[in-house]
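Subject: Handover of a structure

Hello,

I am passing a structure on to you.

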Amino acid sequence: MEFEQSELLKTLPTQFFATLVAKVNQKTAAGVDVINLGQGNPDQPTPDYIVKATQQAVADPATHKYSPFRGLAEFKQAAADFYHEQYGVQLDPTREVAILGGSKTGLVELPWALMNPGDTYLLPDPGYPDYFSGAALGQVKFETVPLLAENNFLPDLAAIPAAVADRAKFFYLNYPNNPTGAVATPEFYEQLVAWAKQHEVGIISDFAYGALGFDGQQPVSFLQTPGAKAVGVEFYTFSKTFNMAGWRVAFAVGNPSIIAALNLLQDHLFVSLFPALQQAGVAALTDPKRDGAIAQIVQRYEGRRNAFLAAAAKIGWHAASPKGTFYAWMPVPDGYTSESFADLLLEQAGVAVAPGNGFGDHGEGYVRIGLLMEPERLVEAVQRIGKLHLFDK
Ligand code: PLP
């Protein structure tokens, strides 16, 4: 028998990265040495102290049972302590922390947990493509808010029509920003909290790249803003901060009513993470080696950013320097769309990049470069692109 997919599933958007991977695989199978800068998958190993703590936890039979619903108290305490140490934010670990199997899960589940069919929420454009999947699964509508270069890729809150703001239930934001590499300022978050209160919009801050700030600047957490907890939550993942993307460990913190809804949904879907993974999370957040490990990861990405942008400038390809994340948001030369340019680079230079239009209409005119290889290989990619003479005046 062949079973038909549900009508709900049919409304899911095409998985943008799956399409990209298929194109790259096709080239690789044809024998091309593709330099794949398209995806956001950290290439470096998980810090050793986390791996060792996990091995010990896996060897303990006590971790083989179902986790308690909503996870180990120790993990939630570690998450609360981490926020206190890093950002000076006070959290009640019993009511204001939810453990997640990757932050994507929570971000996609949120409309399902907190909205009703036909409700509307706001998504950034350009933005992380999976936000759109949440709208399909929750059967809700979304409207996009442009992030423009002239506004440092922050939304212009005053330009959001009052009617749109008033009907929106939530607004997703993500700084440091994928794909643009922009960071938010404390002043912006203060305006955002005031705007959210005025229009009764919940703020969902996706802090996936929270640890990855360059030039000595630690990115600000939305929850540092006075009054933030009253209006929203923040998602924090181990994927990028600790090179743990495959481990699927994350948490959400903040407004207790949002946390309660996510927890209730997860009781029915998930129970909680494998307890040994939760112990890994505790070790990652509390071990004295933590800050050194994070600093090393940040330094490596910063070195790659500098090497890539310097090489790009040499071929006449100029862009603003990303202030965080591990992406460069590069303009497309005249005469190309983001997709035709990405296709050209793959076909003629064997370099895969993510076309900006995959992140929304306002991503048109850009491609996203993942700085997830050593500088030599990044420079090689630029040199291959340089041979196409696309940026010569
Ligand atoms: N949010 C943003 C902006 C991301 O770029 C990513 C991953 O690339 C995620 C969330 C998902 O992270 P996780 O691995 O925790 O699901």
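The notes below go from the whole chain to single residues.

This is a predicted model, in which local features need pLDDT of at least 70 and side-chain atom pairs count only at pLDDT 80 or more, while totals for chains, interfaces and linings use all residues. Residues are numbered from 1 along each chain as its sequence is written.

Overall form

The protein chain has 15 helices and 12 strands; these are DSSP runs, numbered from the N terminus, with helices being H or I of at least four residues and strands E of at least two. Its C-alpha trace spans about 60 × 60 × 55 Å along the principal axes. The radius of gyration is 21 Å, which agrees with the value near 21 Å for a compact globule of 393 residues. That radius is taken over C-alpha atoms, and the globule rule is 2.2 Å times the number of residues to the power 0.38.

Of the 393 residues, 48% are buried. Buried stands for 20 or more other C-beta atoms within 10 Å of the residue's own, exposed for 12 or fewer, and partly exposed for the range in between, with C-beta atoms placed from the backbone. Two residues are in contact if their C-beta atoms, placed from the backbone, lie within 7 Å. Among contacts between residues at least 6 apart in sequence, 74% join residues at least 24 apart.

Domains and core

The domain assignment gives domain 1 (7–46 + 291–386) and domain 2 (65–288); such bounds come from an automatic or database assignment. The C-alpha centres of domain 1 and domain 2 are 24 Å apart. Their contact takes 33 residues from domain 1 and 34 residues from domain 2. On the domain 1 side, the elements giving two or more residues are α13 (290–314) and β9 (327–331), and α13 gives the most, with six residues.

The largest nonpolar core has 116 residues, of which A79, F171, F251, V253 and V351 touch the most other members. A nonpolar core here is a set of buried Ala, Val, Leu, Ile, Met, Phe, Trp, Tyr and Cys residues joined through C-beta atoms within 7 Å. Leaving out residues up to four places away in sequence, F171 touches Y121, L122, V201, I203 and I204.

Ligand

The ligand is surrounded by 13 residues, the closest being G102, S103, K104, T237 and S239.

Backbone details

Most residues other than glycine have a negative phi, and most peptide bonds are trans. P176 is in the loop between β5 (168–173) and α8 (186–199), and P179 lies in the loop between β5 and α8.

N243, not a glycine, has a positive phi of about 50 degrees. N243 is in the loop between α10 (238–241) and β8 (250–254) and counts as buried because 20 C-beta neighbours lie inside 10 Å. H389, also not a glycine, has a positive phi of about 50 degrees. H389 is in the segment after α15 (375–386) and is exposed, with 9 other C-beta atoms within 10 Å.

Regards

Technical notes: A residue is near a molecule or strand if its C-beta atom, placed from the backbone, lies within 6 Å of it.
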